[in-house]
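Dear colleague,

Please find below the structure that I am handing over to you, followed by an account of what was found in it.

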Amino acid sequence: MNDSLFIEIGSAQCQKHGEDCFGDTIFSKKIPEERRIISILSDGLGSGVKANILSSMTTRMAMKFVESNMELSRSSEIMMDALPICQIRKISYATFSVIDTELNGKTRIFEMDNPPFMLIRNGKPVNVRYKEISSAKWKERTINISQMTNQEEDRIILISDGVSQAGLGNRLYPLGWQRQGCLNFALEQIRKNPHISAHDLANAIVKEALSKEVEHKAGDDISCVVLYFRRPRKLLVLTGPPFEEKRDKEFADLVADYDGKTVICGGTTANIVERELCLKCEIDKTSFDLKIPMCSTMEGVDLVTEGILTLTDVYRMLKEGIDTDKNNGATRLTKMLLESDKIDFVVGTKINIAHQDPNLPMELEIRRNIVKKIFRNLQDKYLKEISVRYI
């Protein structure tokens, strides 16, 4: 695997019908100095708050052991010993799947009682050998450890039993959707769209699992994690005019020279690029929205939006979720950010007089602050690689 490859992580969840919180926990962490990514899916026994506490505890414990590079057999035994057995059902209080992968392609996967992970390579499923480790104290409990070297376009899929058991007991799925049903669905999605993102594939799997349930009501927590090994998708976001007008040409040339998709946020920013590159900017009426100003189109630029209002709404959606039913600039930009891996922000530092208007909403923040919040959210929550340049 080439070092220039990127590991995209996507996840999706649906809590059990009638519960207020997830019984499953998903947690991913990037360790930049070691060029590692660790992703964990834990399923707590039962559902609701109790299950959430158990799965959260398991996730944090697993993360600590795996991150510290403790010897496999020893860390596995400690985790098995720390997780008690339900005396009534005689099963573990929590299950888990852990992926520990490096950017050079070396990957380890630890699994205890979750459905086995799926590896899809070249559009086909691949079976990976595993080593079984048992505890001297808990003879009935084992952890499976798999090791592999990933390749470009590989996908690793983790699921909780809420996916494999979706529809369990109904006429169409008396034994549930099962792991094979999920695998076949994932293969079909990749066949239709070979470059489907990890985020979209995870959401498609959860949505399909929910469709198997009676009245589309989840009988258990449904969770999915997808890792996608691929070439990085780059995105340039220009927003705000440069502090000095003499740098307008340099600013505009960033768009012309960029090796990836480009976005312009702000009317003044768009005017500078339009003027310096001799391009034509036109209103895109298909993006009409009552709250967010319409987008524009410009040759050679993938998206042109209004500035501060749009960026403020982008930040809201990164925290709360995308408004999938809308087609405005904020929704389009949020989707582009989530579909990208390496995002370069170039922020002009000239003060916009219009933003000093006291009639504008109090929550409207100056450009630098809102961009700072956006890139921190993209780094911490979505594990994107971000650079920010002020001009």
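A charge is taken to sit over a ring if NZ of Lys or CZ of Arg is within 6 Å of the ring centre and within 35 degrees of the ring normal. The charged end of Arg 155 meets this criterion over the ring of Tyr 228, at 3.8 Å from the ring centre. Likewise, the charged end of Lys 234 sits over the ring of Tyr 258, 5.2 Å from its centre.

The model is a predicted one, in which local features need pLDDT of at least 70 and side-chain atom pairs count only at pLDDT 80 or more, while totals for chains, interfaces and linings use all residues. Residues are numbered from 1 along each chain as its sequence is written, and side-chain values use heavy atoms, with hydrogens and water left out.

Aromatic pair

Rings of Phe, Tyr and Trp (its six-membered ring) are paired if their centres lie within 6.5 Å; planes under 30 degrees apart count as stacked, over 60 as edge-to-face and the rest as tilted. A search of the whole structure gives one aromatic pair. Its members are Trp 177 and Phe 185, and because the ring centres are 5.9 Å apart with planes at 65 degrees, the pair is edge-to-face. Trp 177 and Phe 185 are both buried; here buried means under 20% relative accessible area, exposed over 50%, and partly exposed in between, with a 1.4 Å probe and protein chains only.

Strands and helices are DSSP runs numbered from the N terminus (strands E, at least two residues; helices H or I, at least four), and two strands pair if DSSP finds at least two bridges between them. Strands β2 and β3 run antiparallel and are joined by eight bridges; Ile 26 has Leu 41 in β3 as its bridge partner. The hairpin of β2 and β3 has four residues between the strands, and Arg 35 takes a positive phi near 55 degrees there. Arg 35 is not a glycine, and its relative accessibility of 39% makes it partly exposed.

Strand β3 (residues 36-44) is in turn joined to β4 by nine bridges, again antiparallel, with Thr 95 in β4 as the bridge partner of Asp 43. Strand β4 (residues 94-102) is mostly covered, as eight of its nine residues are buried. Five bridges join β4 to the antiparallel strand β5 (residues 106-112), and the partner of Thr 101 in β5 is Thr 107. β4 and β5 form a hairpin with three residues between them, and Gly 105 in the turn has a positive phi of about 105 degrees.

Two further residues

Gln 178, in helix α4 (residues 178-192), is a residue other than glycine with a positive phi, near 70 degrees. Gln 178 is partly exposed, at 37% relative accessibility. Cys 278 lies in the loop between α7 (267-276) and β14 (281-284) and is exposed, with a relative accessible area of 68%. Its C-alpha atom is separated by 53 Å from that of His 216, which is 62 residues away along the chain.

Pocket and cavities

On a 1 Å grid over the protein atoms alone, a cavity is a set of points where a 1.4 Å probe fits but cannot get out; a pocket is an open set with protein on both sides within 12 Å along at least five of seven lines, and lining residues have an atom within 4 Å of a point. Grid points are joined across faces, edges and corners, and a volume is the space filled by probe spheres set on the points.

The largest pocket has a volume of about 980 Å³. It is lined by 30 residues, of which Ser 11, His 199, Asn 203, Lys 381 and Tyr 382 are the closest to its centre. β1 (6-14) gives the most to this lining, with six residues; β2 (24-31), α5 (198-212), α8 (308-320) and α9 (329-339) are among the elements that each supply at least two. The lining divides into 12 nonpolar, nine polar and nine charged residues, where Ala, Val, Leu, Ile, Met, Phe, Trp, Tyr, Cys and Pro count as nonpolar, Asp, Glu, Lys and Arg as charged, and the others, Gly among them, as polar.

Two cavities of 30 Å³ or more are found in the whole structure.

Yours sincerely
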